[in-house]
Number of protein chains: 2
Amino acid sequence: MIAPDNPNLALKNYLIAALHTDEFARLEPLLEPVSFKLGQVLFESGDKQEYAYFPTTLIVSLLYVMERGATAEIGVVGNDGIIGVALFLGGETTTSRAIIQSAGAAFRIKATDLQAEFARGRVFQKMLLRYAQALLTQISQTAVCNRLHTVEQQLCRWLLLSHDRLDSDKLVMTHDLISNMLGVRREGVTLAAKKLAEKKLIKNVRGSITLLDRQGLEAAVCECYGVVNTEYNRLLSRGISRTFR
Amino acid sequence: MIAPDNPNLALKNYLIAALHTDEFARLEPLLEPVSFKLGQVLFESGDKQEYAYFPTTLIVSLLYVMERGATAEIGVVGNDGIIGVALFLGGETTTSRAIIQSAGAAFRIKATDLQAEFARGRVFQKMLLRYAQALLTQISQTAVCNRLHTVEQQLCRWLLLSHDRLDSDKLVMTHDLISNMLGVRREGVTLAAKKLAEKKLIKNVRGSITLLDRQGLEAAVCECYGVVNTEYNRLLSRGISRTFR
DNA sequence: ATTCGTGCGTGTGTTAGCGCACATAAATAA
DNA sequence: TTATTTATGTGCGCTAACACACGCACGAAT
């Protein structure tokens, strides 16, 4: 059994795992294990980001919060990526909130340490930049999906994106929380979830959704999911989907 | 009068203008003046991008095209930016089409030349990375706006974003083309444009829309426009809006 | 065992935007 | 001038999603 603070756990994060040996050796002592609960906020819109996070088991939602309080998710990050692209893109802050969508663990690194290693170039820089493009693609597709697809399709997409970043088939998540992510009404999520449950694709129980038929979901989802998935695989040269890899 | 192929015209592009003297001296001979008409395609989704483009007077729309042919704009680029972020982010291609939204001129640079100068670091790299974040913010806000706002609000946003990148108050653009950008019906644009015209904010004539009251439009637009604008100013340290700078 | 908070199901009425179908009008070509 | 294309205005029925309002059920706490 690996100790819970063993830095080799960091290899569960694909960006870390892709590093060259010398890069990993240099970064390893700078990585600090952290864990978060559902709903915790890593940083708010406009916050100076002191740390970047490499998720291993947790999932983070990048959420935009309107002046009136309405919210909409613009992207989701798990062990496929990093929270804090603004740190190496140069902006230091973003207009979105980073909030824990699924409890779990990550490794954090000081902003200055991240920037120093990024400046060395090499694989680390390359992977971070490619990840930035992957995220850009995901956000673009979110924009398109918001415009053109139904709540049911978007729920499928959201469930699959989350599932890809989890070890479990059970997503601990209320309809209300999902509605905040999708930027729709809670009733809309309930209705869409009910339809998916009737098709035996998921099981709805109080406080969680369990995926029963991944293939069925992939058949029901809009093309947006596949486009993002394919692009992640292309850009990051590995699979995040159990079926697409 | 500056000759039309005078590379100093390139300084009309804010990214070029921000370079240090030695960087500009190195880039200048690599920049080639080009001009495009409305509707021309710089590259399709998935195309290997041979050139990056620094617009001076033209505007480019980044458009996603669905399998069924429906389209939605994910972002707009003018003399504030560069077409081809995938070249320095490392992906080489993107999932969107780059199409001329307003005819005009630009300077292009070979992909390999761009990458070589990017690799040198310094101001060029810094500006490109910051621009990537600005674009990311714009796309994020497009996603949010698509989810939460009305066609009329989005049309305001779109008109202002276009106007910011033009010298003229007249946008040569049919309702049909705008509808492709916004991902809505042509009739929806006609209706929204009519409402704005009734409020004396714009003038609708066949084939073009003229902005009559910019302040009025800024009062009518959703917060999305201001958020993007403020972030562009912050990240790129200069104004693109006539009112916000 | 009862109470209470939270999560979910459901109904009613409203509205924004869609698809379709034309009518009109302005530009362009013949 | 006349004909033809292209852009815009408008009407009608339809649907997805909205806002609001409950009722119910599960589960934890007393």
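Predicted model: local features only at pLDDT ≥ 70, side-chain atom pairs only at ≥ 80, totals over all residues.
Two strands count as paired here if DSSP finds at least two bridges between them. S9(A) and S10(A) make a hairpin, with 2 residues between the strands. Within the turn sits A:Gly207, whose phi is positive, at about 90°. The two strands run antiparallel to one another and are joined over 4 bridges. One pairing to look for is that of A:Val205 with its bridge partner in S10(A), A:Ser208.

Which residues of H8(A) are buried? They are A:Val189, A:Ala192, A:Ala193 and A:Leu196. Looking down the axis of H8(A), these buried residues fall within an arc of 100°, so they line one face of the helix. There is a simple rule behind such patterns: an α-helix has 3.6 residues a turn, so residues three or four places apart point the same way. On the face of H8(A) turned away from the buried side, the exposed residues A:Glu187 and A:Glu198 turn up instead.

Just past the end of H8(A) comes A:Lys200, which takes a positive phi of about 65°.

Next, the DNA. Around DNA strand D there are 17 residues, and those that come nearest are A:Thr150, A:Val184, A:Gly188, B:Thr174 and B:His175. H8(B) gives the most, with 4 residues. Sorted by class, the surface near DNA strand D holds 3 nonpolar, 7 polar and 7 charged residues.

What about DNA strand C? It has 17 residues around it, of which A:Thr174, A:His175, B:Thr150, B:Val184 and B:Gly188 come nearest. For the surface near DNA strand C, H7 and H8 of chain A and H8 of chain B each supply at least two residues. The largest share comes from H8(A), with 4 residues. The classes near DNA strand C are 3 nonpolar, 7 polar and 7 charged residues.

The two protein chains also touch each other. The contact takes 32 residues from chain A and 32 residues from chain B. On the chain B side, strand S5 (71–77), helix H3 (85–89), helix H5 (122–148) and helix H10 (223–236) are the elements that give two or more residues. H5(B) gives the most to this side, namely 15 residues. The chain B side that touches chain A divides into 16 nonpolar, 10 polar and 6 charged residues.

One last stop is B:Thr112, found in helix H4 (residues 111–119) of chain B. Is B:Thr112 buried or exposed? B:Thr112 has 11 other C-beta atoms within 10 Å, so it is exposed, the cut-off being 12 or fewer. The C-alpha atoms of B:Thr112 and B:Lys12 are separated by 23 Å, with the two residues 100 residues apart along the chain.

Definitions and conventions. Residues numbered from 1 in each chain as written. Chains lettered and ligands numbered in written order. Near = placed C-beta within 6 Å. Nonpolar A, V, L, I, M, F, W, Y, C, P; charged D, E, K, R; others polar. Buried ≥ 20, exposed ≤ 12 C-beta atoms within 10 Å, placed from the backbone. Arc of directions from axis to C-beta. Contact = placed C-beta atoms within 7 Å.
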